[in-house]
Amino acid sequence: METQLRTRLLNDATVSAIVGIKVHWGVRPQGEAYPSLVLTIVNDPRPQDYQGNINHRATRVQADCYGLTRAQAVALREAVIAAIVPTATVGGVTFRRAFINNVLSRDEYTDTGLVFRDMVDFEIWHG
């Protein structure tokens, strides 16, 4: 699911117009230019029944949308929401409609100055 979700975002024209290929899982590379997008798995339960694993499940993913301006972070946030929420099939993974649990701003000062960060907490159904 992780590779396919990253591919889905990179293939989205609006997201890639903002970040290019700067979509990462877990950690943003040190010194990388802004804007960029970092994805983190917050919760990934593996539901089962008596016959084994259940194919479709919900994974909670946090998307950190970084920008050099408030407008850039917001544009990226809205592009990511538009790319992830609808259903799609990518690389054999079926993504059902995703749900947004929370959106918040967490701007921060770095060694290069103020960086704007909007976080989106998704519940992504896939299988």
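Let's start at one residue of this predicted model. Setting aside neighbours within four places in sequence, Arg 70 is in contact with Ser 105, Asp 107, Phe 116, Arg 117 and Asp 118. Arg 70 belongs to helix α3. Because its relative accessibility is 29%, which lies between the 20% and 50% cut-offs, Arg 70 counts as partly exposed.

Another residue to look up is Val 38, which sits in strand β2. Is Val 38 buried or exposed? With a relative accessible area of 4%, below the 20% limit, Val 38 is buried. Once neighbours within four places in sequence are left out, Val 38 is in contact with His 24, Gly 26, Val 27, Arg 28, Gln 62, Ala 63, Asp 64 and Tyr 66.

| Pair | Separation in sequence | C-alpha to C-alpha distance |
|---|---|---|
| Arg 70 and Phe 116 | 46 residues | 5.8 Å |
| Val 38 and Gly 127 | 89 residues | 22 Å |

Pro 35 is found in the loop between β1 (23–25) and β2. A cis peptide bond joins Tyr 34 to Pro 35, with omega at about 0 degrees.

Next comes the interior. In soluble globular proteins, nonpolar side chains tend to be buried together. Here the largest nonpolar core has 25 residues, and Leu 5, Leu 9, Leu 37, Val 80 and Phe 122 are those with the most contacts inside it. The elements giving two or more residues to this core are α1 (2–10), α2 (13–19), β2 (36–43), β5 (57–67), α3 (70–84), β7 (93–95) and β10 (113–126). Which element gives the most to this core? That is α3, with six residues.

Apart from its neighbours within four places in sequence, Leu 5 is in contact with Trp 25, Leu 39, Val 61, Ile 84, Phe 95 and Ile 124.

Finally, consider how two helices meet. The axes of α1 and α3 come within 10 Å and cross at roughly 120 degrees. That angle is why α1 is described as oblique to α3. The crossing of α1 past α3 is right-handed. On the α1 side, Leu 5, Arg 8 and Leu 9 meet Val 80, Ala 83 and Ile 84 of α3. Sorted by class, this contact has five nonpolar residues, no polar ones and one charged residue.

Definitions and conventions: Residues numbered from 1 in each chain as written. Predicted model: local features only at pLDDT ≥ 70, side-chain atom pairs only at ≥ 80, totals over all residues. Heavy atoms only, no water. Core = buried A, V, L, I, M, F, W, Y, C linked by side-chain atoms within 4.5 Å. Buried < 20%, exposed > 50% of the residue type's maximum accessible area, 1.4 Å probe, protein only. Helix = DSSP H or I, 4+ residues; strand = E, 2+ residues; numbered from the N terminus. Contact = heavy atoms within 4.5 Å. Axes fitted to C-alpha atoms, helices over the stretch in contact; angles between N-to-C directions. Parallel < 35°, antiparallel > 145°, perpendicular 65-115°, else oblique. Left-handed = near helix turned anticlockwise from the far one by under 90°. Nonpolar A, V, L, I, M, F, W, Y, C, P; charged D, E, K, R; others polar.
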